[in-house]
Amino acid sequence: MEIDFAYFVEIMPRLLAATVVTLRIAALGFALSLLLGLLLAVLRLRGKPVLAGAVLVGSEFIRLTPLMVQLFFAFYVLPEFGVRLPAEPTGILVIGIHYATYTSEVFRSGILAVPTGQWEAARSLGLPVSVVWMNVILPQAIRPMIPALGNFLIQMFKEVPLLSTITVYELLNTANLIAGETFRYIEVLTLTGAIFFLLSFPSSLLLRRLEAKREH
Amino acid sequence: MDFIAEVAPVLLTGAGVSLSIGIQAGLGAIVISIVVGALRGLSNPVVRALTAIYVEFFRGTSAFVQVYWAYFVLPLLGVRLSALEAGIAVLALNVGAYGSEVVRGAINAVPKGQHEACHALGLAWWVAYWKVIVPQAMTRAIVPIGNLLVDLVKGTSLLSAITVTELAFAGRQAVQTFGHPLAIFAIVLVLYLAITAPIAWGARWLDERIRAKQFLGQQAGRV
């Protein structure tokens with residue numbers, strides 16, 4: 001077996017372009033999971049009991065079933081109801097909702113960790129509810145959550161390849177396409193794994209340092 | 001609704017395959033977690049480096065890429081595994097890498113004084129571990145290990161991409177044959193839930209039971 005480095009150089013532009021697609025999906029999916037996760041957390045903390053219960057049951061169902069099947073579900077079922085989305089937005093939507101059920105737990109515990117005195121002080125100052133949340137509670141709650149949220153971003157990034165099963169040409173699917181043309185699976189798939197490692201390992205080291213700093 | 005009668009056996013067979021993969025890979029992952037988690041606590045620099053490389057490699061590269069790599073690249077390197085064997089091995093190694101960190105963290109979280117006390121009492125190391133360290137570490141490890149096993153069962157669906165006819169694969173095939181994606185994928189999701197929910201809820205229940213028992217033990221000790 002010989003590894004041809006010229007071949008690495010040859011396929012690199014296509015793999016890098018696909019890496020950008022993967023990063024774009026991860027970024028958009030993560031943004032959605034933050035917005036929706038915060039909403040779910042607030043609903044569970046402040047919503048009517050029935051609504052809070054429904055959010056809990058729904059989140060548990062999503063967390064306990066595979067992302068892969070949720071992707072199939074959205075990809076094959078949505079068109080039956082007249083919702084015709086291209087594959088990539090469908091994937092972003094599904095991965096964003098899936099991870100929102102995880103980020104909502106981080107938000108919930110972060111909000112609960114803000115001392116009750118802060119709520120009481122804000123209320124005794126007569127601040128409107130929106131100001132209490134936006135200017136008092138969330139700024140204090142979010143900082144300690146950053147490492148946990150960052151870990152979910154890295155985890156999500158590594159799950160973007162699942163979108164290849166619904167025809168999205170992200171990194172893994174592109175790698176398969178290239179490997180299928182030349183049958184050089186060793187080079188292409190190893191390089192793909194290396195790209196994932198080079199992006200996720202330094203990020204997780206950074207998060208571990210952040211976390212260690214916070215604890216001391 | 002006639003198709004349900006035809007689809008049910010296909011999906012149930014798929015669920016059986018997923019469960020079987022989950023059990024085999026899960027047992028492998030638990031053994032790896034304990035062995036590697038314990039090894040990572042040793043001071044030998046070679047052991048430390050090798051275990052760190054293993055853990056960071058499997059955590060840093062995507063599980064799905066690992067599945068593909070094992071299926072397409074290993075045969076080219078002369079390692080002949082069936083898709084099923086390759087898939088089980090990757091899942092066990094991947095979840096084992098995460099699990100070993102849980103085990104290491106749980107052991108590290110037991111206060112140093114406990115180790116020192118065992119040493120001062122002249123307990124043999126296995127007695128110290130079995131009777132003192134492990135029971136205390138367990139309380140921290142059960143829920144995270146339960147979550148990892150849930151992730152593992154969810155991860156068995158990745159093997160559908162390398163021709164293993166597990167539940168996700170069976171569902172997709174059934175939709176291609178019979179149509180009705182809404183009903184079929186809904187059943188598939190519920191079948192996954194039937195496997196994962198007992199693991200997640202069982203782990204939480206066990207955790208609460210152990211905590212309650214230890215709390216009572218402490219109360220009794222105080223009296």
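Analyst: Start with the buried residues of α8(A): Y185(A), E187(A), V188(A), L189(A), T192(A), G193(A), I195(A), F196(A) and S200(A). A residue counts as buried if 20 or more other C-beta atoms lie within 10 Å of its own, as exposed if 12 or fewer do, and as partly exposed in between; the C-beta atoms are placed from the backbone. Helices (H or I, at least four residues) and strands (E, at least two) are DSSP runs, numbered from the N terminus.

Some ground rules. This is a predicted model, in which local features need pLDDT of at least 70 and side-chain atom pairs count only at pLDDT 80 or more, while totals for chains, interfaces and linings use all residues. Residues are numbered from 1 along each chain as its sequence is written, and chains are lettered from A and ligands numbered from 1 in the order in which they are written. The score pLDDT is the predictor's confidence in each residue, from 0 to 100.

What do the buried residues of α8(A) pack against? In chain A, the partners are α1 (5-46), α6 (129-159) and α7 (171-182). In chain B, they are α2 (45-60) and α3 (63-76).

Next, the length of the helix. α8(A) has 31 residues, which should span 45 Å at 1.5 Å a residue. The expected span is 1.5 Å times one less than the number of residues. The end C-alpha atoms of α8(A) are 44 Å apart, which agrees.

Now the contact between the chains. Two residues are in contact if their C-beta atoms, placed from the backbone, lie within 7 Å. Chain A brings 26 residues and chain B brings 32 residues. On the side of chain A that touches chain B, α3 (67-77) and α8 (185-215) of chain A are the elements that give two or more residues. α8(A) gives the most, with 10 residues. That side of chain A divides into 18 nonpolar, 6 polar and 2 charged residues. Here Ala, Val, Leu, Ile, Met, Phe, Trp, Tyr, Cys and Pro count as nonpolar, Asp, Glu, Lys and Arg as charged, and the others, Gly among them, as polar.

Step back to the whole chain. Chain A holds 8 helices and 0 strands. Its C-alpha trace spans about 70 × 50 × 25 Å along its principal axes. Of its 216 residues, 35% are buried.

Finally, confidence. The predictor gives the complex an ipTM of 0.91 and a pTM of 0.92. Chain B averages a pLDDT of 92.
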